[in-house]
Every structure is written in structure tokens, then in C-alpha cells.
Amino acid sequence: MRISALSLTVATVACAAMPQGAAAQALTTGGRPAQLEIRPAGSASVRVTLKPVGFGRAVPFTPVLAEREPPAPVLSLDRLAEAVTRRVGALEVEVRPSPLTVAVRGADGRLVQELVFRDDGALAFRVDGRAVLGLGEGGPRPERGKPWREQQVEFDRRGRLHEMAPRWQSDVYGSRNPVAMLVGTGGWGLFVATPWVRVDLRDRGRGVFLPWEPPAEASGRQTRENQHDQLGKGRPPLDSMVPGVYDVFVFDGRDPAALMADFYAITGPAAMPPLWALGYMQSHRTLEDDAQLIAIVDTFREKRIPLDAVIYLGTGFAPRGWNTRQPSFRFNPEVFERDPREVLADLHARNVKVVVHMVPWDRERLPTLHGTIPPRPGERLDAGHIQNYWREHEPLIDAGVDAFWPDEGDWFDLFERLKRHQMYYQGQLKSRPDIRPWHLQRNGHAGIGRWGGWVWSGDTQSAWKTLEAQIAVGLNHSLSLSPYWGSDIGGFYPSPELTGELYARWFQFGAFSPSFRSHGRTWWTRLPWGWGLSDMGPREVNNTNTVRDEGDLRRLPLASALNNPAIEPVARKYAELRYRLLPYTYTLAWEAHATGMPLMRAMWLHHPTDPRAAALGDQYLWGRDLLVAPVYREGATQREVYLPRGDWYDWWTGERTTGGRTVVRPVDLATMPIYVRAGAIIPVDPVRQYTGDVVEAPTTLRVYTGADGDFTVYEDDGISQAYLEGRGSWTRIRWDDANRRLTLEPGAPPGATNLISRRAFTVVLLPDGTTRRVIYEGSPMTVSF
């Protein structure tokens, strides 16, 4: 029946499009007869597929896309005489011959995007005068002959040819995880799911997708030994590539929220993280013994610096890690003098989760990664099946390990990289049903969100320029890869630039990044109190902690930067702020799952008609209502911040400011500028020492008057999979500014089970400070002020 329906569609389109006697031009691709199909992809997007006749599938397969049956094409053509126009979903599509061109317009007739299939196999598209964002994580390699600290940070992707080569990288950007998802802030988006392409944005008016051509020496899967070569790592496996196939999604981006919703529906909604993953995580490197592990957590508790997870590096990446030399699933007996189960139980008793560093086997033991957990009928349960590989992890789960930090695997191809994310999601659910998995990886791509994938930017340099660049890196990642990203607070590779000041500024930025985690060599300087010590701890200039010469010494932080008591209070202040904002941030995690809007948002997402805001890559929105401007200049005493139109409040002082202009905010070391939109309703909790800490004081609703407001607070148990069944708590809060009236009411989406219980709120109106205590019973209520 499907074949008959498709044939009927082709015949109907052809008859309607061609006048009698017109000479139809046969479509070709890759030198073969071709078929063009166009179908709706979402509320604001269409899917354009060009494939050889007899391709055998409705659309090309890639694990990047969520598994679902594609809708029938509205247009299906194998020949064309003249232009054909059809409405496809909410958009209007025109197909023209010579050269084959697909123009996509909005319902109002405005041209959204135009694709031109060139005879040389490339695909051209329009570029306007507005910034182009996305393209995955990372940035360019530094220009040769020019110090990377002096080079401009790339946020806007225009102006160069993007090779789209997945790679480990250090300097200011960290690892490159390219994704062919372009977000045109002029109101369009393009996502090339197939083939793997290079992206040429050198021309001001026209961009080009160039299909990647494997090098002649690329004969199969790469290994650990040749992982630094570009022979196909991170790209689709060679045997999956079919010349001439294109599968492209075109988005109407005038409503950024609709674009993001469609993109994350196409690649799969992001899984909700466990609540603890939004707390602070402390990474460790060279370890002494199990007593040290306990003592560090005790120090956090004694100093009352919030903490939710401890992360332990593996041996080989430091002289003494949690395990025997990587790859290994065995606890290191030199570190764990007691039974590891007892040590992990003691850590759990202190209310922290335990995360361990993992490195995959090379090809001789892990020839590939494939399959599902549990296996589907017909899957080969061989050495490469992810269930068999997962079984090696299960003793660690039994010992008390809560989550994983899978590192390396750079030699894996794209399909294997996605399978690795899938394994750490499905495997953890197999071992601990109904407990949300968590894992942090260096390699990723669009599509990892549905497997709970988080990415960090890898081994960056400890430098002020790196801190500046990481803002742009996180924003482009969030637009085109997944909502969950972070960087090593302080940078990974130490240098004399690594001081208490740089750490404090990076910690402030980390408090408003999805992943809030300190990590890096000379790891004592990544402890919130480390800069107050007189000893920087292990001198980790390499994996052996051996300072070999003066060159190694010059790569270490300066001893004169130690004994600085000013840093710890700053770290505590921002850790506490992170935990106070958990009701707001956890709601953002729900929005990421339900709507595709990331936590860390480019200014364009909420101010698309403001070109100045859209082009900014050094400030951003945390959700819709908080504007964050990290300080990335050494010794800064002020920070310029652009405030879009409307009124804004200074988070720290409560001062109200008119937007549509740049303001100069004085700063000291303890101040990172944060502004709140007038009309915002921000739920703020008392300080906790960990996310599960029970506090008696009620949540405060900070209402920033001056405009109407609307915010729905989402809550659930923070750990189970019940949210997938629509079980949670949604409290909608509306502010009527003219009548000074606050309304609380159930706000669950259709079909959800709203588990609202009786609770108290303290409502504070800003800027005047009017305060009222409110008891909400779960039914609509209005409070007048």
C-alpha cells in the first residue's frame, strides 16, 4: 500500500505541475536518476530528501534522528518541467528545475530559505546579513603565526570554511564536536542529517554544503593508535555513505522557540537529568588514599560549601586514580585501603554521589558498538554489543558507583559515539530501573539528548581568553547539539594565568552553566578553598606529575598566587546562589525536555528582532528571565552589558534600568553582573548543602514588577522516570502589573498528572520589597497587593 500511495503522489504532482506537451527534466543525483521528496517535519519545518531512484528507504538512516515513521511526502518528484508549488505543513514550498531549487516560504509568503542542488554535488543556500550560529561545539584551530590569546573568539560562524572535522583540541575552544545545524538569526535554520558535510560560509550572500569525501587511506574503523588521524572518526561509517543522498531540514526561524522545538523533536527530546546533576561537582585527580576522599567531602560540609557529587579520574591519566591503569573496571588497591563498598557507602552517608572516569577498550576487545539494551530480536550478541560491554560496568554499580564520566573514544565513528551515549543511558536503567542515569562525555552530536548525554568542552587552557571563548562555545552547543554542556572550571591545562581571580570568575560562569564542575591539573587549585592554601598540591604538568625541567615549571601556576583568602567566599557565594535558584533551574531542565529550549540561551532566542542582541556571544540568558554577563578580563573593575528593550533589574542591588542600550556595570571580584527582566517571577529557595537537603523555610517568589509576568514552576521527585508518564507538579504563577495581582493555579500540560500538594510561598515584590506569605492548596487563587 505504501508503494501505491507514493506512486499516486508522484503522478498527481506531475500532472498538476506540467502543461500538456511540456518536456519534463529527469532529476538526477550522483549521476543517477533521482527522486525528490518533501514532507512536513514539525510545526515550523520541512524535510527535503533527494535520493537515487530505488534507494530502498523512505529517508536515509542515521542514529542522530529520533526513531519514528516519517509522514508521507506532500511532494514526490522524479522529473520536473516547470515550477511546482505546494503547501507543506505550515510552510509553502516551491520546486524549480535547472538547477533543481527548493524555495521555502512562510505562510505570509516571506522567503525563509532557498536550496540549490548543484551539478557538482554541493548544496547552496542563502545567507543574509545576520549572524549565523550553531554548528555544534568548539571552534577553529588557532591561526598559524598568531598567538591564540590575541585571536578573536568565533561566535558568529560566518566568514570561513568549516571543515567539520571532529577532533580533540585544547587552546580556547576545547574539543570540536561539529553538527551541521545552522541557526540563521535572520529567521531561518538548516540541519543536514545526511550526508556529512563541510560548510562554506566565506561568501556574504551564499553558503555551500560540500559532501565530505573520505581520504583514500580511510579503509575502516580507526583505533586508539591512530585516533589523531582524520580517517573518518566521528563521522558516519564509510559503508553507510551513499553518493548523492541528501536529507535536509529547513526551519522557519522567525519564532526561535518553534525552531528549537522542531529541532529537538527531530533529534529526540532531552532526557531529564537527576536533580543532583544540577548541583556542584568536584573533580579529583591524583589521589592519596580513601581517607583523603572522605576528608575532602567533610571539608565541604564543614565549610558549608554546597556539593552533590565527587568525580574520580582513572589511573594513567594521573599516577594514582580510582582504578588500576585505564582501561580498567578494578578499584585501585593503593587508594582503597578499605573495601571500596565501605568507602562509597561512607561517601553516600555524606550525601554525595560518586562518579568515576571510564576509558573504552581498544578495537581488539571492543571491535565496535552496536545494539540496544535490552537487545532487540535479531541483534548479534557479540563483543561489540553494548549489553555485553555494559555488563563489565555492573560490578561498579553494585559497589555503589552512581554515574560515569566516559572519556576518550575519539577513534569511534559517529554511529558508535551515539551508541556509547545510548549504552550509558540504557545500561544504567537496566541495572537500576526507574533511577535516572547520568553521564558526562567529551564527544557528542545532535541526538545524544534523548540518551541523557552531557558534554564538556574537554582539555582547555587555563587562560582568560579561554574563559571568554567558552561562553560562545556553550551557546553554540546549546543551539545545535544538546541542552547540557559545561567546561572545566579554571581550565584543564594549568599556566601562570591560572590564579585565584581566574578561578573565581570561571566559577561564577560555571554556576550559570548546565554542568557546574571544577576540574584540571594541579587539582587542589580547583577546590573552592584551594587558593587559600600554601601548597598547590600535585604538580600535574603531565600524567606522571613529574616536573622535568624549567619548561614544566613555567607551565605551573605561580606559587605567589596562593595564600589568597578572598577566593573561597566568592566560590561559596555562587555555589549558594546555584542552589538557591534550583527551583528556577530545574524548571529550565523541564523546559529543555518539553520544548527544546536550552538552559543556557543565546540572546537571539528571546530577542530575535534585535540584531545587536543576536550577535552577542559574551553574554546570555539563563532561561528567559535572567541575563548573565561573565567577567573575563583580568583585573576588571567594570563590565559592559547590553540590555534589550524593556526594563531590567540588577540582581544584586535591585536597581531598575531601562533597556535598549549598553550599561556599564562596576564590578569587584565578588560580582558577576546578572540582570532580571521586568515581569519575571523567580522562585528562590533557602540555601541547601546538597540538592536533597531538607529545608524548612518556604520558597520565595521574587516578582519583578513593571510588566506582566507568567512563569510555571515544575517539580518532581528528581530521580525517577515518572516524568515520562506525565507525573509531576506544575504551578503556574501570573502577575498582573496594572492591578498588582498575583494568581497561582495548576499549570500542567494536557494529559499530565499534576501532583500538587499544599505548600507555602513567600511572595516579595521588587523593587519596593512588599512581602506576603501565601498558602497554596493546589486550586486557583489570587492575591492582591
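I began with Met164, which is buried, with a relative accessible area of 3%; buried means under 20% relative accessible area, exposed over 50%, and partly exposed in between, with a 1.4 Å probe and protein chains only. Met164 has a positive phi of about 55° although it is not a glycine, and I located Met164 in the loop between β13 (161-162) and β14 (181-184). Helices (H or I, at least four residues) and strands (E, at least two) are DSSP runs, numbered from the N terminus.

Before going on I noted the ground rules: this is a predicted model, in which local features need pLDDT of at least 70 and side-chain atom pairs count only at pLDDT 80 or more, while totals for chains, interfaces and linings use all residues. Residues are numbered from 1 along each chain as its sequence is written, and side-chain values use heavy atoms, with hydrogens and water left out.

**Backbone entries**

I then turned to Asn351, another residue other than glycine with a positive phi, here near 65°. Asn351 sits in the loop between α4 and β21 (353-358), and I recorded it as partly exposed, with a relative accessible area of 34%.

Which peptide bonds did I note as cis, the one from Ser98 to Pro99 and the one joining Gln326 and Pro327? The bond from Ser98 to Pro99 is cis with omega near -5°, and Pro99 is in the loop between β8 (91-96) and β9 (101-105). The bond between Gln326 and Pro327 is cis with omega about -5°, and Pro327 belongs to the loop between β20 (309-312) and α4.

Is strand β4 (residues 45-52) mostly covered or mostly open? I found it mostly covered, since eight of its eight residues are buried. Ser45, Arg47, Thr49 and Lys51 point one way from β4, whereas Val46, Val48, Leu50 and Pro52 point the other way, and all are buried.

I next looked up the pairing, where two strands pair if DSSP finds at least two bridges between them. Strands of a sheet pair through backbone hydrogen bonds, either parallel or antiparallel. Strand β3 (residues 32-42) pairs with β4 in the antiparallel sense over eight bridges, and the two form a hairpin with two residues between them. Strand β18 (residues 246-252) is also antiparallel to β4, joined to it by six bridges. Thr49 let me follow both pairings, as it is the bridge partner of Glu37 and has Asp247 as its bridge partner in β18.

**Two helix pairs**

For the helices, axes are lines fitted to C-alpha atoms, over the stretch in contact, and angles run from 0 to 180 degrees between N-to-C directions. Angles under 35 degrees count as roughly parallel, over 145 as roughly antiparallel, 65 to 115 as roughly perpendicular and the rest as oblique.

The axes of helix α9 (residues 500-510) and helix α11 (residues 567-580) come within 9 Å and cross at roughly 5°, which makes α9 roughly parallel to α11. The residues in contact include Tyr503 and Phe507 of α9 and Tyr574 and Arg578 of α11, and by class the contact has eight nonpolar, three polar and two charged residues.

**A mixed sheet and a side-chain contact**

I read the order β35-β36-β41-β42 for an open sheet of four strands with mixed pairing, whose edge strands, each pairing on one side only, are β35 (681-684) and β42 (771-776). Within it, strand β36 (residues 699-704) and strand β41 (residues 759-766) pair in the parallel sense over six bridges.

My last entry is Glu777, in the loop between β42 and β43 (781-784). Glu777 and Arg758 are 19 residues apart in sequence and 4.5 Å apart in space, C-alpha to C-alpha, and a polar contact of 2.9 Å joins their side chains. A polar contact is a pair of N or O atoms within 3.5 Å; within protein, one must be able to donate a hydrogen and the other to accept it, and residues adjacent in sequence count only if both atoms are side-chain atoms.

Notes
Contact means heavy atoms within 4.5 Å. Ala, Val, Leu, Ile, Met, Phe, Trp, Tyr, Cys and Pro count as nonpolar, Asp, Glu, Lys and Arg as charged, and the others, Gly among them, as polar.
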